[in-house]
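Here are my notes on the model, as numbered points. Please read them with the structure open.

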Amino acid sequence: MKKQGKMHYAWWIMIASAAIYAASVGIIVSCAGLLYRAVAQDFGVGVSDISLYTSIMYLTVTIFLPFAGKFLNKFDVRYILTIAGIINALAFGLMGFYTSAWNFYISGVALGIGSTFLIYGTIPLLINNWFKAKAGTALGFAMAFMGIGGAIFAQITGALIESIGWRPTYMILGVCIALLILPFTLFVIRSKPEDMNKQPYGAEETTNKEAVQAQPETGVMKKVAIKTIPFYLILGFTGLFGLASTVGFHVPNFIQSVGFSAAMAATGVTCVTIGQTGGKFLIGAVNDKFGVKLALLTGIGSGILGTIALLFSDSFGIGMMYLGALLFGIGFSGSTLLPPMVIREVFGGRDYASIYTTIMSASTLGVAVGTTLFSYIFDTTGSYYIVFITVITLFVVVISSSIFSLNWKKKLNV
């Protein structure tokens with residue numbers, strides 16, 4: 001039983017999860033776009049030649065993610081996350097020593113292996129293990145640090161690039177990744193409450209815990225889900241959402257491509273990450289109060305409006321650009337938050353983990369394709385006009401497929 005006045009250990013798991021997200025997304029993902037241009041100019045290559053490492057990273061995640069569950073079931077999660085943290089810190093920090101584009105591709109593979117566990121394969125399952133109540137609040141708080149970490153480190157990264165150059169910047173950020181992840185994975189993270197002879201948060205509120213535990217989770221098994229139309233609609237929705245969301249990586253390069261400074265580009269990234277952070281809470285609150293359909297309209301609708309604002313921002317100034325970045329950030333936040341909501345709504349919780357990891361691999365594949373595809377379009381055309389039109393189209397397809405999948409729910413008898 002939890003003692004009155006003492007913080008339940010589950011909240012430490014939430015704080016550790018937030019720190020891991022701040023490093024593995026807030027630095028490695030959110031700050032990547034700020035460094036592409038500086039490296040490409042120094043090497044005398046296109047932005048797409050450098051950003052390809054991010055595509056390789058997400059492609060590696062796509063390959064490894066379906067097998068992540070087996071590793072997590074076989075080995076202690078503390079050691080898995082510690083090794084993953086060391087891999088990511090080294091892979092990112094070593095970029096400061098590289099002398100050609102292909103060196104970055106090696107780090108891309110390493111970052112993909114580490115990110116499989118740090119971003120996608122572990123935190124939702126840890127939160128689910130430790131929280132029987134307020135699991136959504138805990139996951140939303142932890143995921144918000146993807147954006148909070150990005151907002152903080154985007155400013156740091158922009159200032160470092162201008163003051164000391166991109167090479168020391170990579171090295172310093174590599175150290176920051178290690179400092180944010182390793183203390184928590186070594187000393188705080190535990191896979192299940194039972195590992196510490198504790199109960200999950202909220203278990204003490206149950207008056208007849210044995211009876212509650214005996215009730216089976218509702219929903220369908222993965223082997224049934226993969227034979228249904230909704231599964232492939234959600235798979236497509238998640239993959240295309242991931243593809244569209246990669247515009248967030250290109251916001252800093254877009255801002256600089258139309259004549260603004262690297263410092264303004266850093267502020268643009270901060271606007272994206274603020275929107276991403278606020279979007280987690282906004283979409284979660286809308287989902288809890290009004291349901292997943294309105295949450296979808298809120299998240300994806302914001303993404304559409306943000307992309308339109310970016311499309312025309314060069315005619316209206318930096319203020320419109322920042323507004324577009326902020327709104328797009330809200331849509332960006334939905335790329336990781338909305339698919340789990342839709343998956344649980346349609347298929348239930350009975351085999352949630354297995355269905356979730358399989359479908360989220362489509363998101364990482366979409367990100368892998370989008371990162372390089374959009375860079376290639378920019379390098380070929382010299383602008384992001386076609387990119388933004390493509391993304392608006394993708395968002396329309398995404399919201400249509402997600403609504404259709406929800407309308408099919410009744411036929412599954414979940």
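1. Ser30 counts as buried, because its relative accessibility is 14% (buried means under 20% relative accessible area, exposed over 50%, partly exposed in between, with a 1.4 Å probe and protein chains only). Ser30 sits in the loop between helix 1 (9–24) and helix 2. Leaving out residues up to four places away in sequence, Ser30 touches Val25, Met146, Gly150, Val269, Thr273 and Gln276 (contact means heavy atoms within 4.5 Å).

2. A word on the basis. This is a predicted model, in which local features need pLDDT of at least 70 and side-chain atom pairs count only at pLDDT 80 or more, while totals for chains, interfaces and linings use all residues. Residues are numbered from 1 along each chain as its sequence is written, and side-chain values use heavy atoms, with hydrogens and water left out.

3. Helix 2 (residues 32–43) packs on helix 8 (residues 166–187) at about 140°, with the axes 10 Å apart. Helix 2 is therefore oblique to helix 8 (angles under 35 degrees count as roughly parallel, over 145 as roughly antiparallel, 65 to 115 as roughly perpendicular and the rest as oblique). On the helix 2 side, Leu35, Ala38, Val39, Asp42 and Phe43 take part; they meet Trp166, Arg167, Thr169, Tyr170 and Leu173 of helix 8. By class, this contact has 7 nonpolar, 1 polar and 2 charged residues.

4. Helix 11 (residues 229–245) and helix 17 (residues 385–407) cross at roughly 155°, and their axes come within 9 Å. The two helices are therefore roughly antiparallel to each other. From helix 11, the contact includes Pro230, Leu233 and Phe237; from helix 17, it includes Val391, Leu394 and Ser401. The residues of this contact divide into 14 nonpolar, 3 polar and no charged.

5. The largest nonpolar core has 128 residues (a core is a set of buried Ala, Val, Leu, Ile, Met, Phe, Trp, Tyr and Cys residues joined through side-chain atoms within 4.5 Å). Tyr53, Phe92, Ile300 and Phe347 have the most contacts inside it. Helix 15 (residues 318–347) gives the most to this core, with 11 residues. Setting aside neighbours within four places in sequence, Tyr53 is in contact with residues including Phe92, Phe104 and Tyr170.

6. Asn197 deserves a look. Its phi is near 55°, a positive value in a residue other than glycine. Asn197 lies in the loop between helix 8 and helix 9 (209–214). Asn197 is exposed, with a relative accessible area of 75%.

Note on methods
Axes are lines fitted to C-alpha atoms, for helices over the stretch in contact, and angles run from 0 to 180 degrees between N-to-C directions. Helices (H or I, at least four residues) and strands (E, at least two) are DSSP runs, numbered from the N terminus. Ala, Val, Leu, Ile, Met, Phe, Trp, Tyr, Cys and Pro count as nonpolar, Asp, Glu, Lys and Arg as charged, and the others, Gly among them, as polar.
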